[in-house]
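Thanks for coming, everyone. Please bring the structure up on your screens, and we'll walk through it together.

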Amino acid sequence: MNEFAMIFRNDFHPEAKYSPDEMQEIMKQWQAWMGGMAAKGQLANSGTRLGGDGKTVKPSAVVTNGPYAEIKEIITGVIVVKAGNIDAAAEIAKGCPILNFGGNVEVRDIIPMGAN
Amino acid sequence: MQEKELIPYLYRTEFRKITAVLCRLFGIEHITIAEDIVGDTFLLAAETWGLKGIPANPAAWLYVVAKNKARDFLKRNTIFNEKVSPEVQYSAGESHEIEVDLSPTNINDSQLQMMFAICYPGIPPESQIGLSLRILCSFSIDEIADAFLTNKETINKRLYRAKEKLKQDKVKIEMPSGSEISDRIETVLTTLYLLFNEGYYSASRNTVLTKDLCLEAMRLTHMLTENKNTDKPEVNALLALMCFHASRFEARIDKNGELILYEDQDISLWNKELIKQGECYLNRAAKGDLISRYHLEAAIAYWHTAERDSPEKWEKVLSLYNRLLMVEYSPIAALNRTYALAKVYGNKAAIIEAEKLGLDHSHLYHILLGELYATVDTQKAIRHFTAASKLTKTSADRNVIRKKIDKLKK
């Protein structure tokens with residue numbers, strides 16, 4: 001088994017607000033997907049969710065607000081999964097609820113610590 | 001109470017108290033001596049009381065005798081140490097009136113400190129449980145052997161090795177400091193959780209003994225909630241979980257000691273008082289930001305005390321299992337999640353998920369698939385139940401499985 005990172009991206013609409021019921025439905029879908037992976041022993045690290053607040057630090061100590069100066073998408077979270085190969089990992093990503101809400105999943109291989 | 005009943009009763013309640021105080025007084029290297037002194041005290045009580053009758057205050061009698069024996073040991077031990085190690089001779093001039101404090105406060109403190117000392121990550125969990133049963137719960141070696149379905153020699157060896165390790169690593173009998181408690185309490189809670197489960201899921205036929213194991217685990221967890229330093233949300237969550245499970249004691253075992261499955265239990269036998277207590281501890285657990293596995297497991301157990309099979313119940317249970325699995329994977333949680341999934345989305349959807357769990361070696365996996373296929377494909381259901389029967393180790397399980405197969409064949 002190898003480990004792969006899943007990076008979740010979605011459009012950045014700070015003005016878009018979900019109703020509490022919709023939020024609950026979204027959370028439920030995420031929990032179901034993550035719980036399903038965990039039950040199959042595929043979840044290596046349930047990672048972290050990212051909020052909308054951000055700053056980007058550039059050379060010469062230039063700090064700008066937000067990670068999203070020119071882009072419309074932001075990273076909303078990262079997890080690590082276990083799969084035989086990257087295709088199997090991509091197959092798992094097809095079940096991700098973010099796909100129902102206009103987002104996408106980037107699947108990346110992970111370079112083990114200590115490797116060159 | 002007659003002497004015949006009184007001594008075992010006092011042994012259960014007083015052995016652990018005196019032993020904890022003496023262990024703390026003597027230090028971790030002399031656990032066995034503390035046990036022996038208290039054991040000798042009870043032996044003397046049995047002899048003396050048989051001849052002269054029961055004293056007016058039997059517990060006080062035990063305390064006085066144990067105190068004297070402890071003082072004798074300390075005096076002898078000091079003389080011995082002074083002879084071999086001259087550096088302690090400085091203290092030789094001081095008076096050796098040693099205080100053996102058997103006040104309720106010191107008993108309580110000593111027991112809590114011993115709990116932290118015994119739940120030491122350097123010794124394996126089964127040794128932590130064994131030592132807890134001996135030192136914190138007054139279990140005899142025979143009883144521990146019975147609970148673990150093994151023999152006295154195995155338990156004696158296990159406890160001996162554990163005590164040697166505690167001695168080697170110079171584990172201190174003390175309350176961890178405020179910042180340390182959060183880390184150390186995790187090990188303590190794991191041990192108490194396993195101690196409870198050992199009783200609740202034990203294959204031992206001795207139902208009185210296994211119930212005692214659960215009650216002792218609850219008593220020790222309750223002790224932690226009584227102390228302001230250890231009264232943490234996760235401790236209350238664990239106690240809530242134990243209360244909810246324990247509420248089914250009377251309903252889950254029949255007259256012959258056979259297990260009655262949850263869905264076949266007589267609800268009127270569920271202990272309402274324990275359910276109420278569980279709810280109270282679960283409320284007390286709802287503080288702070290941390291959601292431990294005990295919070296999630298207690299919440300699941302709470303839903304199982306509610307009336308059966310409402311759609312809301314199974315949606316909540318499924319969501320809780322999803323979260324529990326994210327915190328910590330376990331095969332049992334994966335199987336239970338799939339069962340909850342079947343209750344919410346139907347057996348066919350659950351079968352697809354179940355067959356991806358990769359737990360073919362577990363009899364519980366095949367029982368689950370047998371249940372799920374029962375209404376979908378009888379032949380497959382029977383095949384899974386048969387596989388489960390071959391994998392299980394206990395005859396009680398095999399009986400339950402056989403009944404299920406017979407039902408399908410009708």
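Let me start with a term. Axes here are lines fitted to C-alpha atoms, for helices over the stretch in contact, and angles run from 0 to 180 degrees between N-to-C directions. Helices (H or I, at least four residues) and strands (E, at least two) are DSSP runs, numbered from the N terminus.

Now the ground rules. Residues are numbered from 1 along each chain as its sequence is written, while chains are lettered from A and ligands numbered from 1 in the order in which they are written. This is a predicted model, in which local features need pLDDT of at least 70, side-chain atom pairs count only at pLDDT 80 or more, and totals for chains, interfaces and linings use all residues.

How confident is the prediction? pLDDT is the predictor's confidence in each residue, from 0 to 100. Chain B averages 89, and 94% of its residues score at least 70. Among the chain B helices, take two. Confidence is lowest in helix H3 (residues 58-84), at a mean of 85. It is highest in helix H10 (residues 233-246), at 97. One stretch of chain B needs caution: over residues 87-95, pLDDT stays under 50. The model has four contacts beyond four places in sequence for that stretch. Contact means that two residues have C-beta atoms, placed from the backbone, within 7 Å. The model as a whole scores ipTM 0.80 and pTM 0.84.

Chain A next. Chain A has two helices and six strands. Read from the N terminus, the order is β-α-β-β-β-β-α-β. Its C-alpha trace spans about 45 × 40 × 20 Å along the principal axes.

Chain B is divided into three parts. They are domain 1 (4-99), domain 2 (106-326) and domain 3 (327-410). Those bounds come from an automatic or database domain assignment.

First helix pair: H4 (residues 104-118) and H5 (residues 125-136) of chain B. Their axes come within 10 Å and cross at roughly 160°. That makes H4(B) roughly antiparallel to H5(B). The cut-offs: angles under 35 degrees count as roughly parallel, over 145 as roughly antiparallel, 65 to 115 as roughly perpendicular and the rest as oblique. The crossing of H4(B) and H5(B) is right-handed. Handedness works like this: a crossing is left-handed if the near helix is turned anticlockwise from the far one by less than a right angle, and right-handed if clockwise.

Who meets whom? H4(B) brings B:Gln111, B:Met114, B:Met115 and B:Ile118. Facing them in H5(B) are B:Gln128, B:Leu131, B:Ser132, B:Ile135 and B:Leu136. By class, that contact has six nonpolar, three polar and no charged residues. For the classes, Ala, Val, Leu, Ile, Met, Phe, Trp, Tyr, Cys and Pro count as nonpolar, Asp, Glu, Lys and Arg as charged, and the others, Gly among them, as polar.

Now on to domains 2 and 3 of chain B. Their C-alpha centres lie 27 Å apart. In the contact, 15 residues of domain 2 touch 14 residues of domain 3. On the domain 2 side, helix H13 (293-305) and H14 each give two or more residues. H14(B) gives the most, with ten residues. That side divides into ten nonpolar, one polar and four charged residues.

So what does H14(B) pack against? One partner is H15(B): their axes are 9 Å apart, at an angle of about 150°. The two are therefore roughly antiparallel to each other. Their crossing is left-handed. Residues in this contact include B:Trp314 and B:Tyr321 from H14(B), and B:Arg337 and B:Leu341 from H15(B). In all, it has eleven nonpolar, two polar and three charged residues.

Further along come H16 (residues 347-354) and H17 (residues 363-373) of chain B. They pack at an angle of about 155°, with axes 9 Å apart. H16(B) passes H17(B) in a left-handed crossing. B:Asn347, B:Ala350, B:Ile351 and B:Ala354 of H16(B) meet B:Leu368, B:Leu369, B:Leu372 and B:Tyr373 of H17(B). That gives seven nonpolar, one polar and no charged residues.

Last, where do the chains meet? The contact takes 14 residues from chain B and twelve from chain A. On the chain B side, helix H14 (311-327) and helix H15 (331-345) each give two or more residues. The largest share, six residues, comes from H14(B). By class, the chain B side has six nonpolar, four polar and four charged residues.
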